[in-house]
Amino acid sequence: MRRQPSLRAPTRLIGRFLARNPIFVGILGLVVVTTIVEPQFATAGNFHNIIRQFGTLIFVSLGMTFVIMAGFLDLSVGGIISLVAVVTATQIDAIGQGPAIALGLLIGLACGVLNSTLILKAGATTQAESLFITFGMSLVYGAAALIFTQGGTTYLSYSVSSISIFDAINSGSIPLVFFSVPVSFVLFVVCAALLLVVERRTYMGRAVLLTGANKTASRLAGVRVDRSIVMIYAVSGLMSAVASIVLISQVTLASPVIGQPYLLQAILAVVVGGTALVGGRGSVLWTAFGALLLILLNNCLDLLGVSTYIEFMFRGAILILAIWLDSRRAEGGAARMAPVEAPTIAEHDLVEGA
Amino acid sequence: MADVEQASQPLLSVRDVSKAFPGVLALDHISLDVYPGIVHGIVGENGAGKSTLMKILSGVYAKDSGTIVFDGQAIERTTPVLSMKMGLSIIYQELNLVNTMSVGENIFLGRFGETGGRRGVHAKARELLDRIGCKVDTHRPVSELSVSDKQMVEIAKALSFNSKLIIMDEPSSSLTEDEVRSLVGIIKDLKSKGIGIIYISHKLDEIFGFCDVVTVMRDGRVIATNAVSAVSRGEMILMMVGRTIDNEFPPRPDCVEEPILEVKNLTTRKLHSVSFNLRRGEILGLVGLVGAGRTELVRALFGADKVGRKTVLVDGKPVKIGGPIDAIGHGLAMVPEDRKAQGLLLKFSVEWNISLASLAAMSHFGLLDDSLEASMCERQIRALNIRTPSGKTRIESLSGGNQQKAVVGRWLETKPKILIMDEPTRGIDVGAKYEIYLLMKRVVEDGGSIILISSELPEVLHMSNRVYTLCEGRINGEFDPAQATATEIMAKAFEFA
C-alpha cells in the first residue's frame with residue numbers, strides 16, 4: 001500500500017506525456033493492433049519494408065517542416081522531385097553517377113531559391129500567396145521534367161555506367177554491433193540530426209520560428225526575415241532532391257510525374273506531427289514521428305488487405321483529427337483556465353486590459 | 001460619505017470573495033458594496049483583479065469562496081444571461097455586438113419574441129435609445145456605427161433588461177473627448193433614475209469628474225473604498241501603486257548638446273518634405289492629430305516602410321537606411337505603436353522577446369548562445385523590474401505594462417543612440433507608466449536620444465525637451481514645452497484642420 005504513490009507517479013507522467021503528444025498514442029495503437037491482428041507485422045522483413053517506405057516521404061516532410069514553421073507552404077515539392085529524378089537518371093551515363101547526384105541536388109536547391117526569390121519579389125507575405133506562387137512553380141517544374149524527357153521513363157538498370165550509389169541507397173546496409181542498418185535510414189538520421197541542430201541551435205532556425213510567429217514584429221526588431229524565407233525554400237528544395245534520389249534508387253526508374261503523390265503526404269506528415277499550420281510552432285523531430293505514423297498506417301492497412309481507396313479515407317480522417325487536435329492545443333492555455341460555458345465573452349483575455 | 005449613507009440598502013454586496021487561477025490568487029477576500037443611484041468607480045493597475053471581479057459578477061467565472069448578494073438575492077452560480085435577466089449588465093471594453101445585424105436586432109438579440117416580432121424590435125429599441133438621447137437609426141447595421149454609438153447601443157441593451165446595476169469596463173478608452181462628454185451625461189441620467197453604476201477606469205480625471213465613490217484595488221485586494229471628495233489625486237495614485245509617486249512625471253532631463261540625427265526632405269505619400277533634427281541627450285516630442293503623419297514619419301525614418309526620398313545624417317554623416325536592419329546598425333531602435341501586432345511575439349517566452357533585437361549580435365558563426373541569452377534576459381528583467389514568474393513564461397500572460405517593458409528592454413540591449421517610442425504608454429497603468437518615464441530618463445542620461453510620439457499631451461509636454469507639431473504631413477511648429485502652453489501647441493497642431 002505504501003508504495004502505491006511511487007508506482008502511480010511514473011504512470012501519471014506517461015499518461016500526461018501521451019495526452020500532450022497524441023501522436024504516440026496513434027503510433028503505439030497501430031503497432032499493438034496490427035501485431036495482434038497480423039503477426040506478420042512484427043517480422044524483420046516487414047520492418048525493412050517500413051524503413052524503405054519511410055525513405056522518400058520523410059525527406060520531403062523534413063524540408064516542408066521548416067517552410068510550415070515559418071508560416072508558408074511549398075506546393076512545388078512534387079514538381080521538384082520529378083525534375084530532379086529525370087535529370088539525375090538521364091545524366092548517369094553522360095557524367096557519371098556521382099556528378100549526376102550532385103547535379104540533382106543542385107537543381108533542387110536552385111528550384112528552392114527560385115521559389116523564394118519569386119515570393120520575395122512579389123512581396124508575398126501570406127501563406128495563401130506563397131501557396132499560389134509555389135503551385136505555379138510546381139506546374140513549371142513538372143512541365144520542365146516532361147519536356148526534358150519527352151514524357152518517357154528512364155530505367156536505371158539500362159545504364160551503362162555504374163549505379164552502385166543508387167544500389168547502396170536501395171538495399172545496402174551498414175553493420176552495427178547486433179544488426180545492420182539500411183543506408184537510407186542512416187541518411188535519414190543524418191539529415192534529421194542536421195536539421196534539428198539548425199532548428200534548435202542556430203540563428204536561422206530561430207529566425208524561421210520568429211518569422212512564423214510574427215513577421216512584422218520580427219522584421220522591425222532586425223530579424224533577417226527575408227533571409228529565413230530564402231533558407232526555408234532552399235532547404236525544402238534540397239530535401240526534395242534528396243527524397244528524389246532515394247526514390248529513384250528504390251524504384252530504379254525515373255518518370256516525369258514520379259513526385260506527384262508526395263506533396264499531400266508531406267504536408268500531412270508535418271501537420272500530423274504537430275507543427276502548427278499557421279507557423280511559429282513545430283519541429284523536424286515531430287515530423288519524423290508524423291511520417292512514421294503515416295507509414296505505419298499504410299503498412300498496417302496493406303497487411304490487413306484494406307483497399308487503397310479506403311486508405312485515402314483514413315489519411316483524410318487523420319489529417320482532420322490532427323488539425324482538430326492542433327486548434328485545441330492552440331487555445332489550450334485559455335481553455336484550461338476558464339472552464340466555463342460563456343462563448344460570447346470567453347475570448348476576453350484572462351489578463352486584465354492586456 | 002454623505003451620498004453613501006443616504007442610500008440605505010446596498011444593491012450589490014460582495015463579501016470575502018476569492019478566486020484563484022493556476023499560479024495566481026486573482027482575488028483575495030474582496031468586499032464591496034454598491035448602492036443604487038451611485039456611480040462607483042473602481043481603479044487599479046493592470047492585474048489588480050478588476051476584470052476578474054467583473055467576470056465573476058457576470059458569471060463568466062465561478063468564485064472560489066465568499067458571498068455575493070444582488071438586489072436581496074444571494075448569487076451562488078450565475079451565467080451571463082442569467083445575471084442580465086436579474087438586472088446586472090456589463091458593458092465590456094471590446095463591445096459584444098453583432099456587426100452585421102441592425103441596431104434594433106442587437107438590442108433584443110435572442111429575444112425577438114418579447115417584442116412581438118421585427119417591427120416591435122425597432123419600436124422598442126427606438127424608445128430605449130430616445131431615453132438616453134441617442135439618435136441612431138435602429139435599422140442601421142452596427143458595423144456602420146462609431147465606437148461611441150455602439151456604446152450607446154450597449155447601454156440601451158442594458159436598459160432593455162431593466163438593469164438595476166450597469167458595469168462599464170473602461171468605456172472611455174476608445175472614445176473622443178466629445179463622446180466621453182455625452183457618455184458622462186448619460187451616466188448622470190442613469191444615476192438620477194436610481195440605477196447603480198460601476199465605472200472601471202484607468203483615468204483619474206474621470207474618477208474625479210463624475211464618480212461618487214471610488215474603490216482602489218491592487219494585487220487582487222481592495223485597498224480602500226472612499227467618497228471621491230475625501231481623497232486627493234496623490235493619495236489615490238499612492239493607493240494604486242503602493243508607493244509614493246510625488247509627481248506623475250519625473251523631472252525633465254536637461255542635457256542638450258549637438259545634433260545626433262538630422263533628417264532632410266523626407267517625403268512619402270503622406271509626408272511632404274519633412275526636415276528635423278534630434279540632439280544628443282534630448283527627448284523630442286512629436287505632437288499631432290491621429291493621421292497627421294507622426295507614425296508614418298518614424299516608420300519611414302526607421303526603414304519600416306519604403307519611402308520615396310529621404311536624407312538622413314547620423315552624427316553628421318549621411319547614412320542609408322533601407323530597412324530596420326540598417327537602422328539598427330546605425331544605432332536606431334523603435335518601440336512600435338501597436339504592441340501586440342508589431343512589438344511582441346505573444347506565444348513566445350519573455351526571454352525570446354527580449355533577445356529578439358540582439359539575436360544576430362549574440363550568435364557566433366550562426367550558433368545561438370543559450371546562456372548568453374538567458375543572462376541577457378535576466379539582466380533586463382531585473383533592471384526594468386519586469387514582473388514575470390520567470391524568463392520562460394509566455395509573454396502574453398504578462399500585463400500590458402510588463403510587456404511594454406520587455407519591448408523596451410529588447411532595445412536597451414542594443415545600446416541605441418536614438419530610441420523611437422511610438423505611444424509607449426498606451427494601455428498601461430499609472431505605475432508602469434511612471435517606470436517607462438524613468439526608463440526614458442535613464443536612456444537620455446546615458447547619452448541616448450528619444451523621439452517620443454504620444455496622444456497624451458501632458459505626457460509629451462512633461463517629458464520632452466522640444467516639441468514639433470505635425471499637421472497634414474508637414475512639420476509646422478517647434479516649441480519649447482517649458483515656455484509654450486498646451487493650448488498654443490494644440491492650436492498649431494490643429495492649424496489646417
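Q: Which residues of the largest nonpolar core touch the most other members?
A: This is a predicted model. In its largest nonpolar core, the residues touching the most other members are Ile232(A), Val242(A), Ala266(A), Ala156(B), Ile420(B) and Ile450(B). The core has 235 residues.

Q: Which helix gives the largest share of this core?
A: Helix H11 of chain A, residues 225-251. It supplies 16 residues.

Q: And which domains of chain B does the core draw on?
A: Domain 1 (2-241) and domain 2 (259-493) of chain B each give at least three residues.

Q: How far apart are the centres of those two domains?
A: The centres of domain 1 and domain 2 of chain B are 36 Å apart, taken over C-alpha atoms.

Q: Back to Val242(A). What does it touch?
A: Phe59(A), Leu105(A) and Cys191(A). That leaves out residues up to four places away in sequence.

Q: New topic: H6 of chain A. Why does its length agree with what a helix should span?
A: Helix H6(A) runs over residues 127-149, which is 23 residues. At 1.5 Å a residue they should span 33 Å, and the end C-alpha atoms are 33 Å apart, so the two agree.

Q: Which of the H6(A) residues are buried?
A: Ser130(A), Ile133(A), Thr134(A), Met137(A), Ser138(A), Tyr141(A), Gly142(A), Ala145(A) and Thr149(A). An α-helix has 3.6 residues a turn, so residues three or four places apart point the same way.

Q: What do the buried residues of H6(A) pack against?
A: Three elements of chain A: helix H4 (77-95), helix H5 (97-121) and strand S1 (154-155).

Q: Take Ala145(A). Why is it called buried?
A: Because 25 other C-beta atoms lie within 10 Å of Ala145(A), and the cut-off for buried is 20 or more.

Q: What does Ala145(A) touch?
A: Ser82(A), Leu83(A), Val86(A) and Pro256(A), not counting residues up to four places away in sequence.

Q: How far is Ala145(A) from Leu176(A)?
A: 39 Å in space, C-alpha to C-alpha, and 31 residues in sequence.

Q: What follows H6(A)?
A: Gln150(A). Its phi is positive, near 55°.

Q: Over to chain B. How many residues of S3(B) are buried?
A: Five of five, for residues 39-43. Both faces are covered. Val39(B), Gly41(B) and Val43(B) sit on one side, and His40(B) and Ile42(B) on the other.

Q: Which strands are joined to S3(B)?
A: Strand S8 of chain B, residues 196-200, pairs with S3(B) in the parallel sense over four bridges. Strand S9 of chain B, residues 213-218, also runs parallel to S3(B), with four bridges.

Q: How many bridges between S14(B) and S15(B)?
A: Three, in the antiparallel sense. Leu313(B) stands opposite Pro318(B) in S15(B).

Q: How many bridges join S17(B) to S18(B)?
A: Five, and these strands run parallel. Met421(B) stands opposite Leu452(B) in S18(B).

Q: Last one: where is Ala383(B)?
A: In helix H16 of chain B, residues 370-383. Ala383(B) is partly exposed, with 13 other C-beta atoms within 10 Å.

Note on methods: Residues numbered from 1 in each chain as written. Chains lettered and ligands numbered in written order. Predicted model: local features only at pLDDT ≥ 70, side-chain atom pairs only at ≥ 80, totals over all residues. Domains from an automatic or database assignment. Buried ≥ 20, exposed ≤ 12 C-beta atoms within 10 Å, placed from the backbone. Helix = DSSP H or I, 4+ residues; strand = E, 2+ residues; numbered from the N terminus. Pairing = 2+ DSSP bridges. Expected span 1.5 Å × (residues − 1). Contact = placed C-beta atoms within 7 Å. Core = buried A, V, L, I, M, F, W, Y, C linked by C-beta atoms within 7 Å.
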